[in-house]
Amino acid sequence: MDDTVQYLTEAIEQRRLTHVITANPIMIMSAVESADYSAMIRRADLIVPDGAGVVWAAKYVGNPVTERVTGFDLMHRLLEQGEKRRWKAYLLGTSQEVIEAAAEKLQLQYPQVRIVGYRNGFFGPEQDDEVVEVIREAAPDLLFVARGADTQEPWIVKFKQKLGVPLIMGVGGSFDVVSGKLKRAPILFQKLRLEWFYRLLQEPKRYKRMLVLPKFVVKVLRDKENVTKPRYTP
């Protein structure tokens, strides 16, 4: 986490456009099953191990990572850096009620960071250019995006250059937790790598997405020798 924060802080200060993907097993399986999704992920500038399953898999195949770098914690660590440097942030995604509450709470928590705008994530392709222009005019240093799993990262990749924001990161359900709509898993669940189960208890409708997790485990166990080999993408 410390290395990631240092690397991204320097990138932001140098105004290098950086798209961060916080990878979890569901995203990785999407990449395994879809060449387009795999190619999209490879266009990111930095991929960090968000899910506990990713950390386990890396260790199992003999290429361990130091620790998890969760999107929720990374977002807060970057905002802490923003406090010192008076960065500007824009929040995009989820429902209007949640994004408003998240913006208000983050502004109170990090008063030296200017929340220069926020918008819900319910917009279609016909509104993309309008949303991009609004964000460009706000000129944030940080853009946190929380949209659906199928649209979040592809949208960032598609518009990264037009947006011109130094740091763009998908944050999934982080705004739900910040706003108070959902509770973050207790430390015990985090240590036992059961955050996914705690979230499932709060959002039972997510069970279909969670069915991918055992597939991920089986894939790693079966293909141990090939897990770290680059996959050819046309």
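The exercises below walk through the fold of this chain, each with a worked solution.

This is a predicted model, in which local features need pLDDT of at least 70, side-chain atom pairs count only at pLDDT 80 or more, and totals for chains, interfaces and linings use all residues. Residues are numbered from 1 along each chain as its sequence is written, and side-chain values use heavy atoms, with hydrogens and water left out.

**Exercise 1. Overall dimensions**

Task: Compare the radius of gyration of the chain with that of a compact globule.

Solution: 
- Take the radius over C-alpha atoms; the globule rule is 2.2 Å times the number of residues to the power 0.38.
- With 234 residues, the rule gives a value near 17 Å. The chain has 17 Å, which agrees.
- Then the surface. The accessible area, from the Shrake-Rupley method with a 1.4 Å probe, is about 12600 Å². Carbon and sulfur atoms hold 52% of that surface.
- Next, burial. Buried means under 20% relative accessible area, exposed over 50%, and partly exposed in between (1.4 Å probe, protein chains only). Of the 234 residues, 47% count as buried.
- Finally, contacts (heavy atoms within 4.5 Å). Among those with a separation of 6 or more, 74% come from residues 24 or more positions apart.

**Exercise 2. Strand E5**

Task: Which strands pair with E5, and how many bridges join them?

Solution: 
- Start with E6. E5 (residues 142-146) pairs with E6 (residues 167-170) in the parallel sense over four bridges.
- Phe144 faces Met169. Leu142 faces Leu167.
- Turn to E3. Five bridges join E3 to E5, again running parallel. Gly93 has Ala146 as its bridge partner.
- From E5 the chain passes through helix H8 (residues 152-163) to E6, a right-handed β-α-β crossover. Right-handed means that, with the strands pointing away from the viewer, the path from the first strand over the helix to the second runs clockwise.
- Sort the side chains. Leu142, Phe144 and Ala146 point one way; Leu143 and Val145 point the other way.
- Five of the five residues of E5 are buried, so the strand is largely enclosed by the rest of the structure.

**Exercise 3. Helix H4**

Task: Which residues of H4 are buried, and what covers them?

Solution: 
- List the buried residues of H4 (residues 52-60): Ala52, Val54, Val55, Ala57 and Ala58.
- Name the cover. It includes strand E1 (18-23), helix H2 (25-33), E2 and helix H13 (212-222).
- Look past the end: just after H4, Gly62 takes a positive phi of about 85°.

**Exercise 4. Loop residues**

Task: Locate Arg15, Ala139 and Gln112, and state their accessibility.

Solution: 
- Recall the background: most residues other than glycine have a negative phi.
- Arg15 has a positive phi of about 60°. Arg15 lies in the loop between H1 (2-13) and E1. Its relative accessibility is 46%, so Arg15 counts as partly exposed.
- Ala139 has a positive phi near 50°. Ala139 sits in the loop between H7 (128-138) and E5. At 34%, Ala139 is partly exposed.
- Gln112 belongs to the loop between H6 and E4. At 30% relative accessibility, Gln112 is partly exposed.
- List the contacts of Gln112, leaving out residues up to four places away in sequence: Gly82, Glu83, Arg86 and Trp87.

Definitions and conventions. Two strands pair if DSSP finds at least two bridges between them. Helices (H or I, at least four residues) and strands (E, at least two) are DSSP runs, numbered from the N terminus.
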